[in-house]
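Subject: Handover of a structure for your review

Dear colleague,

Please find below the structure I am handing over to you. My notes on what was found in it follow directly after.

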There are 2 protein chains.
Amino acid sequence: MTIKEVARLAGVSPAAVSRYLNGGPLSKDKKERVARAIEETGYRPNLMAKTMRTGKVRQVGVIVPRIMSESVNSLMDGIAEELLEKGYMTVLGYTDRSKDRELQYLDIMQSSRVAGIVLMATTLSEIKKVSLESCTLPLVITGQNFEGMPCVYHDDFNAVRELTELMIQKGAKRIVYIGVLEEDKAAGLARHEGCREALRRAGFDADGMPMRIADFEAQSGYQAMTELLEENPDLDGVICATDIIAHGAMKALKERGKRIPEDVMIAGVGDNWADLISTPTLTTVKLHQRRCGAEAARLLLELIGETEGEAEAEAGESAGHKSIKLGYRIIERESL
Amino acid sequence: MTIKEVARLAGVSPAAVSRYLNGGPLSKDKKERVARAIEETGYRPNLMAKTMRTGKVRQVGVIVPRIMSESVNSLMDGIAEELLEKGYMTVLGYTDRSKDRELQYLDIMQSSRVAGIVLMATTLSEIKKVSLESCTLPLVITGQNFEGMPCVYHDDFNAVRELTELMIQKGAKRIVYIGVLEEDKAAGLARHEGCREALRRAGFDADGMPMRIADFEAQSGYQAMTELLEENPDLDGVICATDIIAHGAMKALKERGKRIPEDVMIAGVGDNWADLISTPTLTTVKLHQRRCGAEAARLLLELIGETEGEAEAEAGESAGHKSIKLGYRIIERESL
DNA sequence: CTTTATAATGAAAACGATTACACGTTTCTG
DNA sequence: CAGAAACGTGTAATCGTTTTCATTATAAAG
C-alpha cells in the first residue's frame, strides 16, 4: 500500500492524502474520502520514505558492552524512557564478546543515519578515539570522561575511595581487592585507583595490596576470593569492583567459615537488587545509572536539536561540549 | 555527502560509484578514482536510501515487556546473536509500565518497515490478538503459544507441575504459592495451574492453596511471604513463579527463623544467577530463554526469507505455521 | 457583476541511493 | 575487414513520501 494507491482509491491526489495525514488544508469532503480509503486499505505511511524526504529521523542508536547486567539495564532504561517521551525509538547494539563490534556498530549506525548515538564506553584505544572523534552524528559517551566529547559519567574513583575509607575507619587493616580488567577505565582502572588512594591516605601499603581480576560474573568473584584467601588467610577486608563479584566472593568467604563482617568486611559497587536479599546484606556504593542514561539522552537530544537548527547557530559557540559528572551514595548495610 | 557529490569529485557518474560499492563492472582507472574520492570525503552510503530503493531492510524489531530482568535479557541475547550473524540490527521496544505501548510499538515498527518483529508476549487481550493477526510484517511470538501464529514458548505448566511434585515427594504437605498476575498467561496463569495440578494429583486441596500475587521484584516476594507466613504459620513449602520472588521470600523466611529446607522448602523458576550465591542455594527450573530467543530469530529469518521470495511460493503451502515448544530442566539445589 | 483575497488542489521536484537500458568502445571470430 | 560479442559507461526511472508552486474554485468586498 502506497500513498498513491490510496489516493487513487479515494479519487484524490497523493498530496491530498499527505495533507490529510499531516494536517494540511483540506476540504471536509476529501478528508472523509481519504479517511475511508485509509480505513479500507489499512494503509500505513512508510516512515522510511518520510524520513528520507524530511530528513527527520526518530531513531537513536545505543551501544552497550553487555546486556545481561543490571547496571547496563538501568542505563538503557534511563535512556529509553527519556527518548520514548520525545517519540524516539532505540536501535540497540551490544558488543559482548568482541571489541571491534563496537566500531562496527558505530559504522552501521552512522550509515543508517540515526539521529544520534549514545555509546557506553569501557575501553578506549587510540583507534577508537579517532573513530569517535570523526563520528558524523551527534554522539554522547557514558561511563567515561573522554575529553573533548560530551560525556555523562560517574565519579568511580572517589566512590571507591570513600567506600574503602569507610572500611578502614571501621577497622580493616589487611584489605584485598577484586577488580575487572584495567582496560576498562571506569570500572577497572578508576575503581582500583580509588581503593589504592584510600590505602595510601591511611598510610597502608597500596602497592602491596593483594588483588585479583575477575569478570562480571559471580562465579569469577568466588574463584578470585578463594585464591586470595588461600594466599592471605588473615585478610580482613574485601573491596569488589562490582556487587556481583562481591556476592560471589561472599559465598567463598562463608564457605570457608569467615564471619561477615566480624572476621572479614566486604563491599561492592552498584546497588544490585541482590544486595538486599543476601545474608548479610551487602554494603555498596550506588552509582546513578538510570539518571546517567536519562542525562545522556537529554544531552543527545539537545545536540540533535542543534544539528537540525544549524541555520542560526553558525559561528560555533556550541563548541563548549557539556559533560556531566554524576555523584554517588554509599549505602551502609550489614557486610561492613 | 551524497553519491552524487562523490561522483562529481571523482569525475564519474553516480552509477559508477554505486557499482564500485556494490561490485558492478568497472574499469581499474575509475575504481581508483572513486576509491580516492570516498577516502577523501569519508563518504558513507545512506542505508536508508538504499533500503528504500532495494526494499531490503536489515533491521528487526524486538518488543519485550521489561528490560531489567535476567530472563528477558537472555532472550534478547539469543535473538541478537542470531540476528547479528545474519547482519541484522535490533530495534528495541520495551513496554514497561504501560500495556498499550506494546501496540504502539507494533504500529511504529510496521510503519518503519523493519524486516520482521519478535514480540515477547505476556498478556493477550482480544484487541491485541486482532492487532497481531493483522500484522503486515513477519512476526514471531515468544513466551506464549498463540494458536495460528508462529511461536516459540516454554512448557511453563509442566515445568512447575514437576517442580511441585518434587517438593511433594520430598515431604511438603502444606504448600503455598507466590505468583504474578494471571493476565500473564505463561508466568502467571500456566505456572499457577501447574502447581495446582501437582497438588490435585497428590490428592491435596488445590483450590484451598494459600497464595499471593507479587510483581517481578524481590521486595514484593518478601512482602507476600510475610503475609502468607502470618496466615499460615505451619506452611512447609513455597513455590514461586520466579526466582527473584523466591529470593525475597527466602529472606522473609530466614528472618522469621524458619530453617530452609528443614522447616520450609522453597523453589522458583528461571535459573537466576543469584540462585547459586544465596544461602541456601535455590532449587529452580531452568527455562531455556537464550535458546528461545535464538529459535525465534531463526524462525523469523525463515519467514522473512519467504516473504522476500514471494515470487515462487505463490499458492500457500507455507500456511503451516511452525511453532516450537521448548523443554525445561529441574535444577535441584539446597532449598528443596 | 466584476474584482480581489483566500482557500483548496494537483503536478512535479526533491530526498539518496540502485538498476534497466541504450550507447559507445574494444576485442574476438570467421 | 566486417560483424558479433563483450565490456564499460552514463542517463533516467524508480522507491514512497513531502512540499513548493502555479492553478483553480470559492468567498468576500466593492
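I begin with the DNA. In this predicted model, a side-chain N or O atom of S18(B) lies 2.7 Å from a phosphate oxygen of DNA strand C. On chain A, S13(A) places a polar side-chain atom 3.2 Å from a phosphate oxygen of DNA strand C. A base nitrogen of DNA strand C is also approached: a backbone N or O atom of A49(B) is 3.5 Å from such a nitrogen.

Which elements give two or more residues to the surface near DNA strand C? They are α2 (14-22) and α4 (47-54) of chain A, together with α2 (14-22) and α4 (47-54) of chain B. With five residues, α4(B) gives the most to this surface.

Altogether, 24 residues surround DNA strand C, and the closest are R19(A), I3(B), S18(B), N46(B) and R53(B). Of the atoms of DNA strand C that come within 4 Å of the protein, 62% belong to sugar and phosphate. Sorted by class, the surface near DNA strand C comprises 11 nonpolar, seven polar and six charged residues.

Next, I turn to a residue in a helix of chain A. N73(A) is part of helix α5 (residues 70-85) of chain A. Is N73(A) buried or exposed? It counts as buried, because its relative accessibility is 3%, and the limit for buried is under 20%. Leaving aside residues up to four places away in sequence, N73(A) touches I67(A) in chain A, and I67(B), M68(B), S69(B) and N73(B) in chain B.

Finally, chain B contains an open sheet of four strands in the order β7-β6-β8-β9, with parallel pairing. The strands β7 (211-213) and β9 (265-267) stand at the edges with a single partner strand each, so one side of each has no neighbour in the sheet. On average, neighbouring strands of this sheet are turned by 15 degrees against each other, direction ignored.

Within the sheet, β6 (residues 175-179) and β8 (residues 237-240) of chain B pair in the parallel sense over four bridges. V176(B) has V238(B) in β8(B) as its bridge partner. Helix α9 (residues 185-201) of chain B packs on the sheet and touches β6, β7 and β8 of chain B, its direction making about 170 degrees with that of β6(B). Helix α10 (residues 218-231) of chain B likewise packs on the sheet, touching β6, β7 and β8 of chain B, and its direction makes about 150 degrees with that of β6(B).

Yours sincerely

Definitions and conventions: Residues are numbered from 1 along each chain as its sequence is written. Chains are lettered from A and ligands numbered from 1 in the order in which they are written. This is a predicted model: local features need pLDDT of at least 70, side-chain atom pairs count only at pLDDT 80 or more; totals for chains, interfaces and linings use all residues. Side-chain values use heavy atoms; hydrogens and water are left out. Buried means under 20% relative accessible area, exposed over 50%, partly exposed in between (1.4 Å probe, protein chains only). Contact means heavy atoms within 4.5 Å. Two strands pair if DSSP finds at least two bridges between them. Axes are lines fitted to C-alpha atoms, for helices over the stretch in contact, and angles run from 0 to 180 degrees between N-to-C directions. A residue is near a molecule or strand if one of its heavy atoms lies within 4 Å of it. A polar contact is a pair of N or O atoms within 3.5 Å; within protein, one must be able to donate a hydrogen and the other to accept it, and residues adjacent in sequence count only if both atoms are side-chain atoms. Ala, Val, Leu, Ile, Met, Phe, Trp, Tyr, Cys and Pro count as nonpolar, Asp, Glu, Lys and Arg as charged, and the others, Gly among them, as polar.
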